[in-house]
Amino acid sequence: MTLRFDRRQFLMGSSALAAAGAMGLRPAFGQDGRLRLIFWGGQDRADRTYKVADLYTEQNGGDIEGEFLAWNDYWTKLATQVAGGNAPNIIQMDYRYIVEYATRSAIRPLDQFVGGPLQLTDFDEDQLEGGKVGGQLFGISLGANSVAVLVNNTAFEEVGVEPPNRDSTYDDYMAMGEAFNSANIRGGMKAISDASGTEPMLDNWLRQHGLALYTADGKLGFGEEEAVEWFRMWASLREAGVCVDAESQALDTGAMESTMVILGKSATMPSNSNQLVAYQAISQDDLTIVNYPRIAAGAGGGHYRKPSMFFSVGGSEANAQAAAEFISFFVNNPDAAQILGVERGIPCSAAVREALAPTLDEKSQIALNFVANLGDLLGPLPPPPPPAAGEIDSSLLRTISQEIAFGARSPEDGARAFVTDATAILERA
Amino acid sequence: MTTEALTVVGSRGSRTRRRIFTVVAHVLLVGASILMLYPLLWMLASTFRPENEIFTSSSLWPSSWSIDAYFRGWSGLRVSFGTFFLNSFVIAILSIAGNVFACSLAAYAFARLQFRGRNFWFALMLMTLMLPYHVTLIPQYVLFLNLGWVNSFLPLVVPKFLAADAFFIFLMVQFFRGLPKELDEAAMMDGCSPWRIYWKIIMPLSLPVLATAAIFTFIWTWDDFLGPLIYLSEMRQYTVQLGLRTFVDSTGQSDFGGMLAMSVLTLVPVFLFFLFFQRLLIEGIATTGMKR
Amino acid sequence: MTARSMETGVSATGRAVAKTGVWARIWQQDGPGYLFLLPWLIGFFGLTVGPMITSLYLSFTNFDLLTTPDWVGAANYTRMFTNDPKFAAAMRVTFFFVIFSVPLKLAFALAVAMLLNRGLKGLPLYRAVFYLPSLLGGSVAIAILWRQLFAGDGLVNQFLANFGIIGPSWISNPNYSLWTLIILSVWQFGSPMIIFLAGLRQIPQDMYEAASLDGASKWRQFWKITLPLLTPVVFFNAIVQTIDAFKSFTPAFVISGGTGQPINSTLFYTLYLYQEAFGFFRMGYASALAWFLLLMIAAFTAFSFLTSKYWVHYDD
């Protein structure tokens with residue numbers, strides 16, 4: 001607390017009008033029992049969330065003020081509010097950023113509330129674990145999801161090959177790719193997108209090899225040898241025309257509407273189980289999901305059930321308990337669950353899940369069944385990623401994979417650069 | 001509109017040449033217009049398309065027509081888009097008043113008055129144009145937070161009345177300096193105060209640049225999203241740009257049709273504003289009858 | 001520009017005059033200027049200077065947005081020049097963009113403004129139409145539009161295919177992607193065009209009348225009358241557009257989804273700065289980047305002002 005006060009004091013002191021501010025012009029962050037809730041998402045998510053908030057205030061009183069933004073805007077605004085000492089009480093948090101926020105004490109540990117205002121009795125153990133940083137609980141998972149391959153069923157029908165299934169291996173995808181090439185549908189649609197720069201795909205592949213992206217102490221979990229093998233594999237897929245070419249793949253900027261399946265460049269691509277519904281809404285074809293390819297028949301353990309997003313608690317100490325109570329309602333109340341559906345992922349409370357299952361539409365059912373039946377594909381939960389993981393993903397892996405794809409580097413050279421630079425970034429952070 | 005009459009110099013041959021020139025100019029302009037507008041026409045067409053066709057079709061003709069996206073966009077968010085329009089208007093109009101008034105005062109001082117430290121202040125003013133806003137975002141937020149202005153229009157409007165936008169000062173300085181100096185010298189001889197010179201001579205003669213400033217202020221505040229994003233939290237206060245961004249979330253379900261439809265609608269007021277105000281721009285000097 | 005001579009004059013006589021007289025004199029000479037400048041001065045000291053100085057201070061710290069900043073001396077500046085390949089990439093991209101987009105945009109804007117300044121029918125409409133693209137600003141829709149135009153199967157390539165040319169995917173090929181952003185910048189030439197138009201309107205018509213009576217060709221009139229009288233506006237547009245281009249953020253952010261892809265070929269300076277600040281929590285480093293950018297722009301602007309004596313014609 002004192003740290004934060006100091007910082008604000010410092011930032012205040014630097015501005016010429018701070019004197020006026022300090023002399024009692026009403027500060028905007030006065031607390032009056034109101035909870036401020038901030039989350040990213042579209043209108044659909046907002047409607048559901050606000051309905052639950054209304055339901056909660058009807059039953060428990062109080063006042064909840066919600067605010068939602070698109071993903072790209074969200075982090076700028078959240079960081080500004082937190083840095084300004086005006087953090088919201090309930091903050092939707094991403095798996096990637098939770099470490100950043102938790103290690104810098106920008107969100108509060110919730111352990112003291114568990115069992116009291118925060119009921120987590122039949123909460124999935126792995127989902128609880130996923131919300132911990134340094135042994136303390138910083139985020140309550142709002143839904144489990146898993147990485148999955150998004151499959152364009154219609155395209156596979158047109159080509160006349162079986163779409164990938166639970167047992168498909170990378171070699172099987174190679175065969176599908178050849179079928180796609182000889183069928184040449186829709187101006188040369190490929191079987192798969194180029195996922196050499198997709199961090200979860202690499203992670204999954206490493207885990208099937210018994211390795212990991214990062215070790216528990218925050219080091220790189222693999223070496224140059226594996227990196228070479230990975231980039232070589234994709235180079236050969238690219239050469240064989242099984243995956244899309246470099247120019248097509250580079251159209252993907254991370255937004256859903258720029259992805260290979262939506263642009264009709266490839267029939268499959270790596271995605272997440274909770275995004276099937278959203279993708280279906282902007283595609284004319286019939287879509288489904290299936291697990292990531294296996295490295296060999298019978299190999300498994302690459303997947304894990306990942307918290308799709310969390311609620312964390314920020315802002316004033318005084319409101320922390322009220323915030324925890326609301327979160328508890330949000331993840332446990334059956335009526336709330338009916339409103340929320342699986343829009344944020346599969347609910348983590350077993351009771352809620354059971355009550356919800358029969359009411360879902362077809363695509364949501366697929367997502368739920370997929371996450372519930374991972375079976376031998378499921379491996380242990382990885383340790384939370386080190387703080388620099390985001391930088392390695394967005395500015396290193398993606399760039400190097402593109403350099404290789406465009407022919408600016410050889411797979412060997414790229415692998416070496418990746419391991420050296422990633423190690424350097426991890427050491428610096 | 002008077003150039004034609006003025007420059008025509010009698011002979012029949014040059015008149016036909018003029019006519020040919022006019023036709024060629026129109027052909028060129030229409031062609032250029034189409035090129036300029038094609039992307040916008042595509043956007044317009046997309047608002048009538050089925051949602052799942054938007055990203056795959058590049059034709060200007062939707063496979064089936066529907067104006068559903070407009071209704072969805074207008075009332076699909078928790079607050080009607082009409083409210084966003086109103087908010088944007090309020091902010092834009094106040095900003096225009098602030099910018100035209102405050103910036104012209106400062107510009108007059110820099111362009112026409114002699115005082116010590118003038119170049120120093122001018123350089124400082126230009127410097128404020130040069131720093132990327134991302135690094136002043138947080139200190140500024142803290143400042144407005146302490147003033148209790150966050151969650152209101154004040155952080156978006158008050159700076160305009162304090163001439164915080166150096167672009168417009170610089171713009172007006174350049175134009176004021178282009179006005180004949182004899183005008184204020186003569187007025188000064190007659191014992192006019194600087195205020196009277198500013199108000200009675202400079203301002204009326206500067207209609208084109210004031211109109212330009214008004215147009216730009218309107219468009220830029222209309223298009224601005226970072227300021228509103230940071231300082232407005234309640235949807236009732238949102239501007240159109242914030243509303244637009246709310247339609248699309250890159251990680252989940254989005255309403256692209258609604259976003260594009262509302263994008264088209266938000267262009268309409270700016271377009272009309274521009275059409276209207278550019279008249280001032282053109283008339284300006286011609287009607288004041290100033291000649292040298 | 002006579003301020004300096006007057007200054008010395010005042011201080012010389014000032015000593016001879018009684019105290020009250022000094023103040024009255026100062027008031028008489030400087031008062032009106034500062035009075036007119038007052039709103040700006042209040043805004044400058046009340047709203048602008050504080051955040052600017054804070055960011056300058058932060059550039060010497062390791063500020064990470066969420067915890068108290070620690071002083072690290074010039075470490076951020078050292079890292080920029082010795083240990084940051086992405087900084088070098090961002091500099092290359094930005095300078096390339098400035099060098100090509102600014103002259104192209106200005107030339108285009110001036111040409112169209114000249115064309116639109118003639119007595120053609122329907123001019124208000126043309127002006128508005130040409131301004132329309134600029135109205136779109138950095139809207140989200142731009143990203144979708146530009147992909148429709150410049151992707152491998154986009155409209156541009158469909159057009160080129162008529163001539164048997166198979167174009168690359170312009171927007172996602174690192175060799176061309178920056179050019180699509182330059183085209184976007186030139187396409188939105190509306191603001192400088194309007195400023196040129198306003199400037200052209202300020203040129204008295206009788207000068208042209210006199211010139212054409214003397215038999216001067218249009219081309220000669222342009223070089224001898226239009227351009228010289230337009231130099232204050234050209235100067236303004238050049239400075240402002242260059243500053244804008246150096247700071248250009250939104251187009252690259254919208255089109256590349258904030259990534260600067262492909263292979264950092266659209267990693268604009270401010271986009272990189274933004275990534276560092278809000279993506280990787282290094283606001284201290286980002287502030288250092290920002291102040292270095294300010295120094296570069298200031299040097300460019302100062303140079304322009306120094307040379308402006310030789311080619312910008314004011315009426316004073």
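1. What percentage of the 316 residues of chain C count as buried? In this predicted model, the share of buried residues in chain C is 47%.

2. Along the principal axes, the C-alpha atoms of chain C fill a box of roughly 85 × 70 × 30 Å.

3. The secondary structure of chain C consists of 14 helices and 0 strands. Read from the N terminus on, the order of elements is therefore α-α-α-α-α-α-α-α-α-α-α-α-α-α. Among the contacts in chain C with a separation of 6 or more, 66% join residues 24 or more positions apart.

4. Two domains are assigned in chain C: domain 1 covers 3-47 and domain 2 covers 80-311. Taken over C-alpha atoms, the centres of these two domains of chain C are separated by 40 Å.

5. Chain B is likewise given a domain 1, at 3-70, and a domain 2, at 79-288. Here the centres of domain 1 of chain B and domain 2 of chain B, again over C-alpha atoms, are 30 Å apart.

6. How many residues of domain 1 of chain B are in contact with domain 2 of chain B? There are 8 of them, and they meet 7 residues of domain 2 of chain B. On the domain 1 side of this contact in chain B, the elements giving two or more residues are α2 (12-46) and α3 (68-76) of chain B. Of the elements on that side, α2(B) gives the most, with 3 residues. The composition of the domain 1 side that touches domain 2 of chain B is 5 nonpolar, 2 polar and 1 charged residues.

7. The largest nonpolar core holds 302 residues. Within this core, the residues that touch the most other members are B:Ala106, B:Ile169 and B:Met172. Helix α4 of chain B, residues 81-112, gives the most to the core, contributing 16 residues.

8. Leaving aside residues up to four places away in sequence, B:Ala106 touches B:Ala163 and B:Ile169 in chain B. From chain C, B:Ala106 touches C:Phe36, C:Leu37, C:Pro39 and C:Trp40. One of the chain B partners, B:Ile169, is itself named with B:Ala106 among the core residues that touch the most other members. As a general point, nonpolar side chains tend to be buried together in soluble globular proteins.

How values were computed
Residues are numbered from 1 along each chain as its sequence is written. Chains are lettered from A and ligands numbered from 1 in the order in which they are written. This is a predicted model: local features need pLDDT of at least 70, side-chain atom pairs count only at pLDDT 80 or more; totals for chains, interfaces and linings use all residues. Domain bounds come from an automatic or database domain assignment. Two residues are in contact if their C-beta atoms, placed from the backbone, lie within 7 Å. Helices (H or I, at least four residues) and strands (E, at least two) are DSSP runs, numbered from the N terminus. Ala, Val, Leu, Ile, Met, Phe, Trp, Tyr, Cys and Pro count as nonpolar, Asp, Glu, Lys and Arg as charged, and the others, Gly among them, as polar. A nonpolar core is a set of buried Ala, Val, Leu, Ile, Met, Phe, Trp, Tyr and Cys residues joined through C-beta atoms within 7 Å. A residue is buried if 20 or more other C-beta atoms lie within 10 Å of its own, exposed if 12 or fewer, and partly exposed in between; C-beta atoms are placed from the backbone.
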